[in-house]
Amino acid sequence: QVQLVESGGGLVQAGGSLRVSCAASGRTFTRLAMGWFRQAPGKEREFVAAISGGGRTTNYPDSVKGRFTISKDNAKNTVYLQMNSLKPEDTAVYYCAARQVLDYSSTYYIRPSEYNYWGQGTQVTVSS
């Protein structure tokens, strides 16, 4: 069983930056592909960023590409989402997700159904 705990959400003004973190336990971290998703009220859960188990390959949707960066610290069992140039439309609950993979796998996943484990979510609010 994998446990995921997010932290770092909060309120920020448009144009500002925020970093959210997700600490994982229960599995070797290099055997976990990780992803970030977000969900705004009344909307479906949306893919934000993904990173492979080895941490070398990443993927982003066009809506956040160039503004958000996902990274993985295998020594700290933590995945980060650095968010810059935030916009009011980035306001949502941000969820961390994990999927078990082969050790140091280079594959990432972008669909919620591809992940086995989820954190409780952290609220990010961007004011205009």
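**Reading the model step by step**

A: Happy to! A disulfide joins Cys22 to Cys96, with an S to S distance of 2.1 Å. Please keep in mind that this is a predicted model.

Q: What is a disulfide in general, and how many does a search of the whole structure find?

A: In general, a disulfide is a covalent bond between the sulfur atoms of two cysteines. Here, the search of the whole structure finds one.

Q: Is the link of Cys22 and Cys96 left-handed or right-handed?

A: Look at the angle about the S-S bond: with -75°, the link is left-handed.

Q: Are Cys22 and Cys96 buried or exposed?

A: Both Cys22 and Cys96 are buried.

Q: Now the strands. How do strands of a sheet pair?

A: The general idea is that they pair through backbone hydrogen bonds, either parallel or antiparallel. In this model, four strands form an open sheet in the order 1-3-8-7, with antiparallel pairing. Strand 1 (3-7) and strand 7 (68-73) are the edge strands, since each pairs on one side only. From one strand to the next, the twist averages 15°.

Q: How many bridges pair strand 3 and strand 8?

A: Strand 3 and strand 8 (residues 78-83) pair over six bridges, in the antiparallel sense.

Q: What does Ser21 touch, and where is its place?

A: Ser21 has its place in strand 3. Leaving aside residues up to four places away in sequence, Ser21 touches Val5, Glu6, Ser7, Trp36, Thr78, Val79 and Tyr80. Its relative accessibility is 13%, and buried means under 20%, so Ser21 counts as buried.

Q: Which residues make up the covered face of strand 11, and which the uncovered one?

A: In strand 11 (residues 122-127), Thr122, Val124 and Val126 make up the covered face, while Gln123, Thr125 and Ser127 make up the uncovered one.

Q: Do strand 2 and strand 11 run parallel or antiparallel, and what about strand 9 and strand 11?

A: Strand 2 (residues 10-13) and strand 11 run parallel and are joined by four bridges; for Gln13, the bridge partner in strand 11 is Ser127. Strand 9 and strand 11, on the other hand, pair in the antiparallel sense over three bridges. There, Tyr94 has Thr122 of strand 11 as its bridge partner.

Q: Let us turn to the rings. How many aromatic pairs does a search of the whole structure find?

A: The search finds five aromatic pairs. Take Phe37 and Tyr115: their ring centres are 5.5 Å apart and their planes are at 80°, so the pair is edge-to-face. The cut-off behind that name is planes over 60 degrees apart. This pair links distant parts of the chain, with Phe37 in strand 4 (residues 32-39) and Tyr115 in the loop between strand 9 and strand 10 (117-118), 78 residues apart.

Q: Are Phe37 and Tyr115 buried or exposed?

A: Phe37 is buried, with a relative accessible area of 0%, and Tyr115 is buried too, with 5%.

Q: Which residues form one aromatic cluster?

A: The cluster is formed by Phe37, Phe47, Tyr109, Tyr115 and Trp118.

Q: Which charged end sits over the ring of Trp118?

A: That is the charged end of Arg45, 4.8 Å from the centre of the Trp118 ring. Elsewhere, Lys72 lies over the face of Phe29, at 4.0 Å from the ring centre.

Conventions:
Residues are numbered from 1 along each chain as its sequence is written. This is a predicted model: local features need pLDDT of at least 70, side-chain atom pairs count only at pLDDT 80 or more; totals for chains, interfaces and linings use all residues. Side-chain values use heavy atoms; hydrogens and water are left out. A disulfide is a pair of cysteine sulfur atoms within 2.5 Å. Buried means under 20% relative accessible area, exposed over 50%, partly exposed in between (1.4 Å probe, protein chains only). Two strands pair if DSSP finds at least two bridges between them. Helices (H or I, at least four residues) and strands (E, at least two) are DSSP runs, numbered from the N terminus. Axes are lines fitted to C-alpha atoms, for helices over the stretch in contact, and angles run from 0 to 180 degrees between N-to-C directions. Contact means heavy atoms within 4.5 Å. Rings of Phe, Tyr and Trp (its six-membered ring) pair if their centres lie within 6.5 Å; planes under 30 degrees apart count as stacked, over 60 as edge-to-face and the rest as tilted. A charge sits over a ring if NZ of Lys or CZ of Arg is within 6 Å of the ring centre and within 35 degrees of the ring normal.
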